[in-house]
Every structure is written in C-alpha cells, then in structure tokens.
Amino acid sequence: LTISGIGGAGGNRGGDGGQIQPAGGGALGGSISSLTNGAIRINADINVTGGAGGTISTTSGYGGIGLTGAGGGGDIIGSGSGAKGGRISFTTMKSDIIVNADLKADGGAGGNITSVSGYGGDAGGLPGADSTGGEGGSIGNAGGGASGGSIDLGAETGITSMKLLSADGGVGGNLASTTGYGGTGANFGAAGKGGSMLSAGDAGGGGMISTKTTNGNVAIKDINANGGMGGANTSIGGTGASSSSGSDGGSIGNSGKGGRGGSVTIETGQLLPNLVTIFNGKVKAEGGVSGIYSATGGNGGVGLNGGGGNGGAVGDQGDAGFGGSVSIKTNKLNIIQTVLTPALISVNGGSTTTDTTNVALAGYSGQSGEGGAAGGKATGGNGGVVGRAGDGGGGGSVIISAFGDSAFVSDVNGSDLISARGGTVADDKALSGKGGHGGLVASVDRSGNGGDSGLIGRNGDAGDGGNIFITG
C-alpha cells in the first residue's frame, strides 16, 4: 500500500501531487527437461508458471493551491505484466512415461490496480486575476496476462497421464479504481478536468502441449491450453469541476481481451494396436472470456457563467479469444466415460460473460458521464460517448486422423463430445450520460442550448463456429 505526498501550496503555481511509478513485472517461468533411454516416472507436481505482475493499491497526493494555477493530482502509472510460462520437456528414446502428478506451465496473471488518484487543487487567485484549477490525477493500464508455456512429452513405447497437463494463458489485470476530481478555477480561469483512466489488462494466450509416441499408446485425462480471461474494468472517472466554465469529466479506457486458445498435439505410431484414450477427462484449448465492463465516466462540471463540461467517455469491452487447436493422429481413438463428468474435446471460442448459459447477464454495462449544466446563455455539456460491447471468439479447429477403427463412447450427460462452438455474446446494458441544461436568462430567445446525450456503441457479434475434421 503506497500513499504519495501532497503538492505544496505555491506563491504562483501550486505543486503537483506525488506520482506513483509502475509496479514490477513477473519473472519468466523456469525450464525442466530430461532426455534418457530409460523409463520416466513423475510422481511429484511440477510447476513452471510465469510470475504474476505486481499490483498497485495506492493513493496519490492531491495538487496544491496556487495563485496563478493549482497543481494537478498525482498520476499512477500502471501495474506490472505477467510473465510467460516456462518449459517442461521429458523424452525417453526406448521406454515409456507415466505421469502421476500435475504438470503446469501457465502464464502469469497481470497485476491489478485498485487505487485512488489525487484530486486537482483549487485555484486561489487574487481578486480580478484568473487562475486555473488543477486536473485530477490519471491512472494507467493494468498489467496484461502472459501466454502459457510448453509441455512436451515424447516416448517410444507409451505415455500415461492421469492428472492435469496445463499451459493456460494468464488472466489480465483488473482495473477497479477511482480518479481524482478536477479543481475549481478562480474568476474566469479554467477548471481542472477530472482524472482519466486507461484500460484493464489483456489476457495471455494458451501455450503448447504435445504428447507423442513412436510405437505405443497414449492415455490421458485432462489437458488445458486455454486462453486467459481479460481483465475487468469497474472503475469510476473523476468529476469535472464547476467554475466559470465547467470542465470535462474523466474518461475511462477498455476492459481486457480474452486470450486465444493454445495448441494440443497428441500422436502415436500408425501401426496396430497403437491408440489414444481420453479417460473421464477433457482436452481443452478454448478462447478466453472477455473482461467484464461496468465502468462509469465522470460527470462534467457546471458552468457558472459559461458552458458546462462534457461527461467522461467510457471505452470498449475487450473481444473474447478465439479457440485454439487440437490435433490427434493415431490408429485408434477411444473416448471413455464412466462418470458424469463429460469426456470432451473442446476448442470453443470465448464468450463475453462468464455464465454462458445466461446471456441476459450483462457483459457490458458501462455508463458515461453526464454533461454539466451551463450558466448565462451558454450551451450545456454533452453526455459522454459509450463504447461497444465485445465480440465472441470464433471456434478453433479439431483434426482427428485415425488410421484404423475408432470407437467414440457416448456422453451420458448429452453435451458436446467434440466441440468448436463460437462464443456467445451477453446482453448490452450500457447507459449514456444525459446532456447538461443550457444556460437560462430572462429573455427566452437568449437561452443556451442543452447538451446532447452520449452515443452508445453496438453490441458485439457472436463468434463463428470452428472446424472439425475427422479422417480415417
């Protein structure tokens, strides 16, 4: 937790609030590898996940008062990005591999920002002298998630893994902050704008997982190479100050994009009786979910003699990630299910909500700021512009080449056995800020115009279905 200093009062211009520098990024995941002629047995978990980016939970200082201009609130630069997952590689030239533990090479998560930037100082001008109010402090980007690493298992006579192989992308950093309000101007000096804010972090893509035998079977349970979820943006922009003319409210950037699914390759020799068995498990390289967007732009300030300030704009929801790829080449493929957990090969595109069964939930519910009312005969401020909701990700590709007989055991739950669906899109529940009232004077024909309400962007498009190729 960091709190920066307050800007001092100035004889002329007040000092700015203290700036807060970026948090550090995560470190790269490590590397573990082995090449041998003997059997390989892995009985303890191995984790080479990339490090998470540093988070920022801070308050920056507010600007000081000044006779010719007030200081601005302190800026907060940004949080750290996650680091790429590492590499796990085991190869035996003459024997088999049995894995009785989880192997993970996930990407690191982006750092979150849960901060408050300093407000702009009020101007303290001398009588008859114009003096400018300070702007609210700005807040930078949340850190991006990193891509998953790689897991590579190669054997001569067989591979068995009854645990989890994972190379998921890291989630994007969330942005849940408030920027400072603008300071008032003295006399006819301009008021300071509300602080602006950038975007939540994009997610990392899934990594690469490969299991290959030269002359043996492959038996697996769960494999994940999914894209990460984009960072959510639930922030609030700073309010513009009221002064002779109102200043603009703070704007807010985007939520994070979902990461693209990674790649999974499973291969055996093409001679009998080589086969691939998926036993009560899931092989997934799905696209990541969009970051939820529920940010609110700052309202424009009221103009006492002039125009009202414009409401702060809100940005776009990030698009969901595209599905990745699963490639299986073998003599025979068995998908075996004896429990209610569905056996599944899935490269679905990501959706714009975490609950794909209820699209009535809002993926996008941003609200732009209202325009400030005007004074005199001036025009009211316009409501802020609202961005668009994210698109669903397109489905990926599944390629199955089975050179002998293949048996697919039915799913007792009735859900998809092999799936490359496009991502769904949630309802768009955006609200735009209303325009501010025009100035009112005694003579009706000299009254100012009201401001326009803000435009609202489109809802997203659902993702296209992917491709499934089965040859034999």
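Me: Is G256 buried or exposed?

Reply: Let's start with the idea: buried means under 20% relative accessible area, exposed over 50%, and partly exposed in between, using a 1.4 Å probe and protein chains only. Here G256 is buried, because its relative accessible area is 0%. Keep in mind that this is a predicted model, where local features need pLDDT of at least 70, side-chain atom pairs count only at pLDDT 80 or more, and totals for chains, interfaces and linings use all residues. Residues are numbered from 1 along each chain as its sequence is written, and side-chain values use heavy atoms, with hydrogens and water left out.

Me: Which residues is G256 in contact with, leaving aside its neighbours within four places in sequence?

Reply: Contact means heavy atoms within 4.5 Å. By that rule, the partners of G256 include A200, G201, D202, S290 and G318. With D202, 54 residues away along the chain, the C-alpha atoms are separated by 4.1 Å.

Me: How many salt bridges does the structure hold?

Reply: A salt bridge puts a side-chain nitrogen of Lys or Arg within 4 Å of a carboxyl oxygen of Asp or Glu. This structure holds six. One of them joins R41 and D96, at 3.1 Å from N to O. R41 counts as partly exposed, because its relative accessibility is 43%, whereas D96 is buried at 19%.

Me: Which residues do salt bridges with shared partners join into one network?

Reply: Take R388 and D391 to begin with: their closest N and O atoms are 4.0 Å apart. Shared partners join D319, R388, D391 and R458 into one network.
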